[in-house]
Amino acid sequence: MAHYSCFCYRELYGKREFHDGVDWGVPEYIPVLAINSGIVQIAKHSNSAGNYVALKLDTQVHENNRTQDIVVRYLHLSKYVVSPGQRVQQGEVIGYVGSTGRSTGAHLHMDVTIEGKRRDPLKWIDFMKADGLLDVYGEQPSFEGGEISNPDTEKMEFVGEFEITAYTAGKESTGKEPGDPGYGITASGKPVRPNHTIAADWTVIPAGSIVKIEGLEPYYVVEDVGSDIKGNRIDIYMPELGDALQFGRQKRRVWIMNTRRDV
């Protein structure tokens with residue numbers, strides 16, 4: 001499929017039809033993050049949408065002399081990790097890119113509904129994300145005739161062999177205990193999350209980078225730092241001390257994606 005599919009008419013399966021969202025052809029298993037805080041309305045599977053999540057944003061828009069809700073859907077996920085009724089924060093993982101449902105390859109479909117009508121997501125992204133955070137789509141150009149960078153050229157950049165360790169939010173790693181200010185909060189201001197948060201030297205791997213560590217979870221995100229994490233070192237957050245101790249010190253190869261997001 002094309003690396004980018006617009007909010008427009010298109011030919012698919014030999015039929016001309018209107019595509020009421022935007023597709024990004026990003027690699028499978030990349031984490032999909034909530035564009036802003038809100039409530040999960042739907043998290044389920046359908047034959048056409050595959051695994052998908054519908055999120056009603058806390059952000060609203062004043063239009064036609066009325067305050068309108070904004071609902072954002074993320075389709076064709078390999079899996080979702082949220083449940084209906086759950087509150088999510090901006091930047092929280094809600095699922096992973098996939099190719100489930102009526103799909104021609106790994107991609108993320110995003111659509112936006114306001115006042116019961118589908119809107120062009122590209123015209124609403126800046127409004128919805130508010131503080132500049134937008135998941136895995138990378139630096140957004142002007143969309144007046146512009147286009148998303150081509151994932152065919154977005155290769156994983158090998159950055160070397162790293163010493164990998166693990167840490168917890170507790171006193172043994174951070175000197176903090178539950179109830180202390182900043183307990184469980186990363187240097188980027190986000191809460192630590194298992195299978196997601198890593199600490200790195202930001203001069204080696206910039207904050208916000210999406211990282212692949214050889215043989216481990218699909219992807220991690222650099223959201224934290226550590227006084228001993230310098231040079232080619234990475235510390236993976238784990239909620240249980242026993243798991244962190246058992247992990248020990250390992251040597252693994254590391255790649256970063258050219259596509260980045262703000263932390």
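Modeller: Happy to! The lining of the largest pocket divides into 13 nonpolar, ten polar and seven charged residues. Here Ala, Val, Leu, Ile, Met, Phe, Trp, Tyr, Cys and Pro count as nonpolar, Asp, Glu, Lys and Arg as charged, and the others, Gly among them, as polar. Please keep in mind that this is a predicted model, where local features need pLDDT of at least 70 and side-chain atom pairs count only at pLDDT 80 or more, while totals for chains, interfaces and linings use all residues. Residues are numbered from 1 along each chain as its sequence is written, and side-chain values use heavy atoms, with hydrogens and water left out.

The pocket has a volume of about 620 Å³, and 30 residues line it, with Tyr167, Thr168, Ser173, Thr174 and Asp235 nearest its centre. The elements that contribute two or more residues to this lining are β14, α2, β18 (233-237) and α3 (241-247). As for the method, a pocket is an open set of points on a 1 Å grid over the protein atoms alone where a 1.4 Å probe fits, with protein on both sides within 12 Å along at least five of seven lines; lining residues have an atom within 4 Å of a point. Grid points are joined across faces, edges and corners, and the volume is the space filled by probe spheres set on the points. Helices (H or I, at least four residues) and strands (E, at least two) are DSSP runs, numbered from the N terminus.

Thr165 is buried, as its relative accessible area is 6%; buried means under 20%, exposed over 50%, and partly exposed in between (1.4 Å probe, protein chains only). Not counting residues up to four places away in sequence, Thr165 touches Ile229, Arg233, Ile234, Asp235, Ile236, Phe247, Gly248 and Arg249, where contact means heavy atoms within 4.5 Å.

Beyond its neighbours within four places in sequence, Val192 is in contact with Tyr167, Ala169, Gly184, Thr186, Thr197 and Tyr237. Val192 lies in the loop between α2 (171-174) and β15 (197-200) and counts as buried because its relative accessibility is 15%. From Val192 to Glu223 there are 31 residues in sequence and 8.3 Å in space, C-alpha to C-alpha.

Ser188 is found in that loop between α2 and β15 as well. Its C-alpha lies 5.4 Å from that of Glu223, although 35 residues separate the two in sequence. The side chain of Ser188 reaches the backbone oxygen of Glu223 at 2.9 Å and makes a polar contact with the side chain of Thr186 at 2.8 Å.

Now for the wider chain. The protein chain has three helices and 19 strands, and 51% of its 263 residues count as buried. Among contacts with a separation of 6 or more, 68% are between residues 24 or more positions apart.

Strand β12 (residues 108-114) is worth a look too: seven of its seven residues are buried. Leu108, Met110, Val112 and Ile114 cover one side, and His109, Asp111 and Thr113 the other. Strands pair if DSSP finds at least two bridges between them. β12 pairs antiparallel with β8 (residues 66-77) over six bridges, and three bridges join it to β4 (residues 22-24), also antiparallel. Val22 has Met110 as its bridge partner, while Val71 stands opposite Thr113. Three bridges also join β12 to β13 (residues 117-119) in the antiparallel sense, with Thr113 opposite Arg118. Two residues lie between the strands of that hairpin, where Glu115 takes a positive phi near 55°.

Notes: Polar contact = N/O pair within 3.5 Å; in protein donor to acceptor, adjacent residues only side chain to side chain.
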